[in-house]
Amino acid sequence: MNWTLEDSWSYIENFRQHDVPSADDIVHLDIAMMAVLGPLDVETHCSRLGYSARFPRYQQAYPEMTPAEEIKALETHWRARVEDVRQLEALIDSKKREHRRNCTHEWTCDTEARSCRSRYICTKCGQCR
Ligand SMILES: [Zn+2]
């Protein structure tokens with residue numbers, strides 16, 4: 001579905017009149033919102049404010065593409081998501097290190113078998129010693 005910007009705005013404005021929007025109505029609203037927000041550089045603005053990327057949706061099938069084109073398109077979506085997961089893992093690791101560095105540890109005897117082979121674990125941050 002290729003809507004013009006005007007089509008998208010029109011759909012968004014008319015959407016408010018739906019008392020009980022159908023599933024298709026909701027999907028079309030999402031498409032219209034992205035069509036409006038995309039040219040406004042929403043990804044740059046969200047990133048500047050600390051929000052993660054919003055991925056374009058992929059489709060289960062692209063009947064207009066050849067099999068090779070379809071696979072290439074899906075792999076492009078997959079690579080972007082893998083990179084996002086990698087960045088999210090790095091952010092989580094960084095936050096854990098910061099939390100442990102600033103923690104006023106409260107050590108307790110570790111009664112569970114953990115991979116760190118430690119006898120004590122901090123009840124606040126999970127660090128072993
Ligand atoms: Zn701690």
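Colleague: In which loop does D41 lie?
Modeller: This is a predicted model, where local features need pLDDT of at least 70, side-chain atom pairs count only at pLDDT 80 or more, and totals for chains, interfaces and linings use all residues. Residues are numbered from 1 along each chain as its sequence is written. Helices (H or I, at least four residues) and strands (E, at least two) are DSSP runs, numbered from the N terminus. On that basis D41 lies in the loop between helix 2 (23-37) and helix 3.

Colleague: Is D41 buried or exposed?
Modeller: A residue is buried if 20 or more other C-beta atoms lie within 10 Å of its own, exposed if 12 or fewer, and partly exposed in between, with C-beta atoms placed from the backbone. D41 has 11 C-beta neighbours inside 10 Å, so D41 counts as exposed.

Colleague: What is phi of D41 near?
Modeller: D41 is a residue other than glycine, yet its phi is positive. The value is near 60 degrees.

Colleague: What pattern does the protein follow along the sequence?
Modeller: The protein has four helices and two strands. Read in sequence order, the pattern is α-α-α-α-β-β.

Colleague: What radius of gyration does the protein have?
Modeller: The radius is taken over C-alpha atoms, and the globule rule is 2.2 Å times the number of residues to the power 0.38. For a compact globule of 129 residues that would be near 14 Å. The C-alpha trace spans about 65 × 40 × 30 Å along its principal axes. The protein has a radius of gyration of 23 Å.

Colleague: How many buried residues are there in helix 4?
Modeller: Across the 129 residues of the protein, 2% count as buried. Helix 4 has 36 residues and is hardly covered. E75, found in helix 4 (residues 67-102), is exposed because 10 other C-beta atoms lie within 10 Å. The count of buried residues in helix 4 is zero.

Colleague: How far does helix 4 reach from its first C-alpha to its last?
Modeller: The expected span of a helix is 1.5 Å times one less than its number of residues. For the 36 residues of helix 4, 52 Å is expected. The model comes close to that, at 53 Å.

Colleague: Which residues is M65 in contact with, leaving aside neighbours within four places in sequence?
Modeller: M65 is found in the loop between helix 3 (42-48) and helix 4. It counts as partly exposed because it has 14 C-beta neighbours inside 10 Å. Two residues are in contact if their C-beta atoms, placed from the backbone, lie within 7 Å. By that rule, the partners of M65 are E70 and A73.

Colleague: How far apart in space are R129 and R119, C-alpha to C-alpha?
Modeller: R129 lies in the segment after strand 2. With 11 other C-beta atoms within 10 Å, R129 is exposed. R129 and R119 are 10 residues apart in sequence, and their separation in space is 6.7 Å.

Colleague: Where is confidence lowest in the protein?
Modeller: pLDDT is the predictor's confidence in each residue, from 0 to 100. The mean for the protein is 92, and 95% of its residues reach 70 or more. Confidence is highest in helix 4, at 97. It is lowest, at a mean of 91, in strand 2 (residues 120-122).
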